[in-house]
Structure formats: structure tokens, C-alpha cells
Amino acid sequence: MLIRHSAEVVANAPLDRCFSFFAQITGFPTYMSRVKNVIRSSEHTSRWTVSMLGVHTWEARDEEWIPNRQIGWRTVSGLRSYGRVRFTAEGAER
């Protein structure tokens, strides 16, 4: 089964600041209530624990990280998942 999700967020902050904030994936549990833990296992992989319809864990590999433009990932074990977050500027501070 393939489930797709998409969302758009407008932030009143410079693009590089938004990218830098989101790139700190180990901080996700502080503002994403279902993400219980994210641990960097190497420079380009991370181990996730999420509580949603049970507790799920997986190992993910960073893919297609383009500074100030895109963050991507693909799981290499556990729950199958992949995706991208794209960053675009709508002005100097947005």
C-alpha cells in the first residue's frame, strides 16, 4: 500500500534559516509529538522511533540533500518510507 502526503507551510523567516532548522532532524521530537526519538547512526543515516498506531522504528538514509533547497530520505530497514521536503523563497524573509 502506498500512502501519499503533502503539505505546504509558509514561514516568516529567511529560507536558509528554515532549511537549517529542518535539517536538525534529531530535534524533531521537541516539536513533533509522535516522533519519540531520532538518533544519527552515521553522517548520512538515522534511526527513528515514532508512536502512531503502535510504536514503529526504522533506519533511514539521507538522499538528495541540496543546501537551502531540498532534504530527502529513504528507509533502509523497518517501516518503508521515503520523501522530500522542498524549500522555496517567496521573498527575502518568507
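Mentor: We shall proceed from the overall fold to aromatic pairs, individual strand residues and loop positions. Please keep in mind that this is a predicted model.

Trainee: How many helices and strands does the protein chain have, and which pattern do they follow along the sequence?

Mentor: One begins with the inventory of elements and then reads their order. The protein chain has 1 helix and 5 strands. Along the sequence the pattern is α-β-β-β-β-β.

Trainee: What box do the C-alpha atoms fill, and how many of the residues are buried?

Mentor: Along the principal axes, the C-alpha atoms fill a box of roughly 40 × 25 × 25 Å. Of the 94 residues in the protein chain, 24% are buried. The accessible surface amounts to about 7,200 Å², and carbon and sulfur atoms account for 53% of it.

Trainee: What share of the contacts between residues at least 6 apart in sequence joins residues at least 24 apart?

Mentor: That share is 22% in the protein chain.

Trainee: How many positive and negative side chains are there, and how far apart are the centres of the two sets?

Mentor: The chain carries 13 positive and 9 negative side chains, and the two centres lie 8 Å apart.

Trainee: I now turn to the aromatic residues. How many aromatic pairs are found in the whole structure?

Mentor: The search finds 8 aromatic pairs. For each pair, one reads the separation of the ring centres together with the angle between the planes. Phe22 and Phe28, for example, are 5.0 Å apart centre to centre, with 55 degrees between the planes, and the pair is tilted.

Trainee: Why is that pair called tilted rather than edge-to-face?

Mentor: The edge-to-face class requires planes over 60 degrees apart and the stacked class requires them under 30, so an angle of 55 degrees falls in the tilted class. Phe28 and Trp48, by contrast, form an edge-to-face pair, with 5.6 Å between centres and 70 degrees between planes. This pair links distant parts of the chain: Phe28 lies in the loop between helix H1 (15–23) and strand S1 (35–40), and Trp48 lies in strand S2 (residues 45–51), 20 residues apart.

Trainee: Which residues form the aromatic cluster?

Mentor: One cluster comprises Phe19, Phe21, Phe22, Phe28, Tyr31, Trp48, Trp58, Trp65 and Phe87. A ring may also have a charge over it: the charged end of Arg74 sits over the ring of Tyr82, 4.8 Å from its centre.

Trainee: Where is Arg47 found, and what does it touch?

Mentor: Arg47 belongs to strand S2 and is partly exposed at 37% relative accessible area. Beyond residues up to four places away in sequence, the contacts of Arg47 include Val38, Thr57, Trp58 and Glu59. Glu59 is 12 residues from Arg47 along the chain, with 4.5 Å between their C-alpha atoms.

Trainee: Finally, the loops. What is the phi value of Leu53, and what is that of Asn68?

Mentor: Phi of Leu53 is near 55 degrees, a positive value in a residue other than glycine. Leu53 lies in the loop between S2 and strand S3 (55–66) and is exposed at 87% relative accessibility. Asn68, likewise not a glycine, has a positive phi of about 60 degrees. Asn68 is in the loop between S3 and strand S4 (70–78) and is partly exposed, at 30%.

Trainee: Where is Pro67, and is it buried or exposed?

Mentor: Pro67 is in the loop between S3 and S4 and counts as exposed at 62% relative accessibility. The C-alpha atoms of Pro67 and Ala23 are 9.4 Å apart in space, whereas the two residues are 44 residues apart in sequence.

Definitions and conventions. Residues numbered from 1 in each chain as written. Predicted model: local features only at pLDDT ≥ 70, side-chain atom pairs only at ≥ 80, totals over all residues. Heavy atoms only, no water. Helix = DSSP H or I, 4+ residues; strand = E, 2+ residues; numbered from the N terminus. Buried < 20%, exposed > 50% of the residue type's maximum accessible area, 1.4 Å probe, protein only. Contact = heavy atoms within 4.5 Å. Areas by Shrake-Rupley, 256 points an atom, 1.4 Å probe, with all protein chains shown as cover. Lys, Arg positive; Asp, Glu negative; His and termini not counted. Charge placed at Lys NZ, Arg CZ, Asp CG, Glu CD. Phe/Tyr/Trp six-rings, centres within 6.5 Å; stacked < 30°, edge-to-face > 60°. Lys NZ or Arg CZ within 6 Å of the ring centre and 35° of its normal.
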